[in-house]
Amino acid sequence: MKHWSELILLLLLAFASQASGAGDAVRGIVKPVVQLIDDVPASCVTPSGSSSFQPITDPSRLLPAPQQPVALLPENVAAQTGVLRVKPAELRLPPTRIEGADPFKLADQNRRYGTSTEGMPPIQVTRGANNEMIINDGVTRAARAAMIPGTTVPVEVIEHNPVLNFQHLPRVGEKVPGKP
Amino acid sequence: MTDTRQEILKALAEMSDYYPDWRFGQMVANIAFWAKGPTAEAIWEVEDEQFLETVKKHLKKKPPNA
């Protein structure tokens, strides 16, 4: 009789923990890991553009719980959208601005802001294959910052598509004034 | 005007709320690049349906009033 009551008690406890959302702890781990699958390396993308990656839905296949939220680990910063800091010279120019910044706008920004990047609004970019970034807005800001040695700028990743390849496009650093 | 075109214009109005500082041509170019890839020809070649699908997909990802 005692065994039966223990068994019923255990069943009730299991049901109560499920109902009270104790599973959230597991879901909290599952979510970020699945999110990372979105960050598909270029080598995993087939020529047709489809990905061989499938989100992991079976919790037993997931990695052990991290000590801190996955999203905050430095190596996963590249998987994020949001505001990051990058070297402006490394950003790719859009095909419609392949020669770099408008020299008149650049001269105007240089005159107004000099070598300061303080308070600069984030440059909006799209992240593509190999985590390369192409500028959607802010070519002039990026060009001005690229002329300041060692500086980084805030960028906001507004779109992410690992299938897009930007390698044929010049970088901001290749088109700043003074470069051949 | 086709229904697709009307939908595109509505979607572009919504995009303008998200990106008020973008020039109109810059917005069209950016969406075309997302749809067709980053080439100068993308703006010319992108089909209306593809353009609409791309802009809708982008708007879906944005939080309200972002």
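A residue counts as buried here if 20 or more other C-beta atoms lie within 10 Å of its own, exposed if 12 or fewer, and partly exposed in between, with C-beta atoms placed from the backbone. This is a predicted model, where local features need pLDDT of at least 70, side-chain atom pairs count only at pLDDT 80 or more, and totals for chains, interfaces and linings use all residues. Residues are numbered from 1 along each chain as its sequence is written, while chains are lettered from A and ligands numbered from 1 in the order in which they are written.

**View 1. Chain B, a chain of four helices and zero strands.** Helices (H or I, at least four residues) and strands (E, at least two) are DSSP runs, numbered from the N terminus. Going along the sequence, the pattern reads α-α-α-α. Of the 66 residues in chain B, 27% are buried. The average pLDDT (the predictor's confidence in each residue, from 0 to 100) is 92 for chain B, and 94% of the residues score at least 70. For the model, ipTM is 0.92 and pTM is 0.66.

**View 2. Where chain B meets chain A.** Each chain puts in its share: 12 residues from chain B and 12 residues from chain A. Two residues are in contact if their C-beta atoms, placed from the backbone, lie within 7 Å. On the chain B side, helix α2 (residues 24-36) brings the largest share, five residues.

**View 3. The largest nonpolar core, with 21 residues.** Such a core is a set of buried Ala, Val, Leu, Ile, Met, Phe, Trp, Tyr and Cys residues joined through C-beta atoms within 7 Å. Val125(A), Ile135(A), Ala142(A) and Val172(A) have the most contacts inside this core. At least two residues each come from β2 (123-127), β3 (133-137), α4 (139-146) and β4 (153-160) of chain A. The top contributor is α4(A), with five residues. A second, separate core has 13 residues, including Ala29(B), Ile31(B), Trp34(B) and Val55(B).

**View 4. Zooming in on α4(A), a mostly covered helix.** Eight of its eight residues are buried, among them Val139(A), Arg141(A), Arg144(A) and Ala146(A). What covers the buried residues of α4(A)? The cover includes α3 (103-113), β2, β3 and β4 of chain A.

**View 5. Ala142(A) and its partners.** Skip the neighbours within four places in sequence, and Ala142(A) is in contact with Pro88(A), Leu91(A), Ile123(A), Ile135(A), Val153(A) and Val172(A).
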